[in-house]
Amino acid sequence: MKRTTLSLIAGTAALAAVTAFAALDAPDTSAAGTSEAAARLPVERTSLLCPEPSDSDIAETSYTSFTPVTVGGKPTTGSGRAALTAAAAGSAGTDGSGKAAGGKGADGKGTDGKGAGAKKKAVKPVLTPKDPGTPATGETSGGDSPALVGTAEGKFAPGWTVQETTEVAAGSGRGLQGVNCTAPDTEFWFPGASTAATRTDYVHLTNPDDSPAVVDIELYGKDGALKSTVGEGFTVQPHSSEPVLLSTLSGERQTDLTVHVRVRGGRVGAAVQALDDKNGGDWLAASTDPAGSLVLPGIPKDATSVRLVAFTPGDADADLKVRLASPNGPITPAGHETLHVKSGMTTAVDLGNVTRGEAGSLILTPTDGAVPVVAALQVTRGKGAETETAFIPASAPVGTRASAADNSGKGTTLSLTAPSATATVKVTASAGSEGGTPVTKTYTIKQGTTQDVAAPVPAGLKGTYALTVAQVSGGPVYGTRTLSVTKDGVPGFTVQTLPDDRGTVAVPHADQDLSVLQK
């Protein structure tokens, strides 16, 4: 994702002026002298956008809101508020001529700009966030649940996390679908999407602002960009959401696609809902920014099939070393030592049962010169007719801290990897949403390994809880949280990565050169 930077006014006044996107997309302060000169203070405002869940009449969706109890090692104090409100279901996007194109109507088909794109009825908030340290939950059912626009201010803002989890008992995309509600941004990359005959993939676009957002959607297949004119100039109305069916943007059927969402004006939240007729479905979150080296953490140890999808947006081809960080150290998958990614073309390779019953993370590094790439994994569990899929995009590291909400006493797996240097992390299980006492444990992850750790559970747990991972020392740590539930023999699961929650922002001292923070 392309990060938006905003200059900050010195002193305390700067903190009060921080907007949602500045708070979550703070400038890089790694330049020499900057980290010492600028104080890191809690963000004052955060925005999160939850896409419209399944339109299945038998879908059950839960939402969990959580703010960590500390920020920067200090207790969260003061006042504030947080709310999740329903976004309008806008009319379909346009192709630049005003013609409706690509939206999802009530019948699941492309809208024509008439009744299918009508607004949903207003609904009351699905939950009321609780004080930092305690999760709050809410539920919806059926296929008429809207997208949500969330805003947290004051003590609720630093590290605010909202998880959306949907169970679908049957039909296309059946199984467990989960996604972390995302911050608005101006660019997203989704390797791993598809317009194959068995897939129904939508890219959901949600606009949190008071003015329209104009969005271009580009599709890249195995031979390069797919020809399309209807993917240009989608207008997403203020405080509304648009699900765009990818197969309406091009007549070409492609098993493996990379979707590029580029915002010309405004900001949106974006996520891809990937539904398969045979293998269930899940949400595909955006890959981390294009980079020469990538980490795809937390492949479930019982994965029966793993498919790697990669794309390079630049003018040069990329040659990558492929390694698996196992519990005992890095190994090279037999027959998949390297991967060649042609410029502007989506490359996919089946890695099969690459984990062989052990926890693992995929590490991609350049064989020679670094060329920026994006990547994701499509992971399958189960066999035959009893299979389900989930996605793991390349992720940013945990950084200072990251949280995952909606955990239960069973069915939660926390996977951590330290690809370059041994690291120590502290993992805290919050109080339960209906009762329980927080518990904290410390873990050391050895260099080049992946560990499925025995994550703590709140004492006397009632309801669901959140896990917060905080870096203590050592090299960068990457992580995922997997939720699992088995129904009628089908192993439903969903995987969320754990990037830094950006709960703090760098605020310069009064005598500091502000241009340093804009680099």
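1. A search of the whole structure finds 13 salt bridges, a salt bridge being a side-chain nitrogen of Lys or Arg within 4 Å of a carboxyl oxygen of Asp or Glu. The structure is a predicted model, in which local features need pLDDT of at least 70 and side-chain atom pairs count only at pLDDT 80 or more, while totals for chains, interfaces and linings use all residues. Residues are numbered from 1 along each chain as its sequence is written, and side-chain values use heavy atoms, with hydrogens and water left out.

2. One of these salt bridges joins the side chains of Asp-216 and Arg-264, at 2.9 Å from N to O. Because Asp-216 belongs to strand S16 (residues 213-221) and Arg-264 to strand S20 (residues 257-265), the pair ties together parts that are 48 residues apart in sequence; strands here are DSSP runs (E, at least two residues), numbered from the N terminus. Asp-216 counts as buried at 4% relative accessibility, where buried means under 20% relative accessible area, exposed over 50% and partly exposed in between (1.4 Å probe, protein chains only).

3. A salt bridge also forms between Arg-262 and Glu-218, whose closest N and O atoms are 3.9 Å apart. This pair again links distant parts of the chain, with Arg-262 in strand S20 and Glu-218 in strand S16, 44 residues apart. Arg-262 is partly exposed at 32% relative accessibility, and Glu-218 is likewise partly exposed, at 24%. Asp-216, Glu-218, Arg-262 and Arg-264 are linked in a network of salt bridges.

4. Elsewhere, the side chains of Arg-307 and Asp-350 meet in a salt bridge with an N to O distance of 2.9 Å. Here the linked parts of the chain are strand S24 (residues 303-311), which holds Arg-307, and strand S28 (residues 347-352), which holds Asp-350, the two residues being 43 apart. Asp-350 counts as partly exposed, with 43% relative accessibility.

5. Asp-276, in strand S21, deserves a separate comment. Asp-276 is buried yet has no salt bridge, and the nearest side chain of opposite charge, that of Arg-199, is 4.9 Å away (Lys and Arg count as positive and Asp and Glu as negative, with His and the chain ends not counted). The side chain of Asp-276 does have a polar atom 2.8 Å from the backbone nitrogen of Lys-278, and it reaches the backbone nitrogen of Asn-279 at 2.9 Å.

6. Strand S2 (45-50), strand S13 (175-180), strand S15 (199-207) and strand S21 (269-276) each supply at least two lining residues. Among the residues that line this cavity are Leu-49, Val-179, His-204 and Gly-269. The lining divides into six nonpolar, five polar and no charged residues, where Ala, Val, Leu, Ile, Met, Phe, Trp, Tyr, Cys and Pro count as nonpolar, Asp, Glu, Lys and Arg as charged, and the others, Gly among them, as polar.

7. Gln-237 is found in the loop between strand S18 (234-236) and strand S19 (240-245), and is partly exposed, with a relative accessible area of 35%. Although Gln-237 and Ala-88 are 149 residues apart in sequence, their C-alpha atoms are 8.6 Å apart in space.

Conventions. 1 Å grid on protein atoms, 1.4 Å probe; cavity = no way out; pocket = protein on both sides within 12 Å on 5 of 7 lines; lining within 4 Å. Helix = DSSP H or I, 4+ residues; strand = E, 2+ residues; numbered from the N terminus. Polar contact = N/O pair within 3.5 Å; in protein donor to acceptor, adjacent residues only side chain to side chain.
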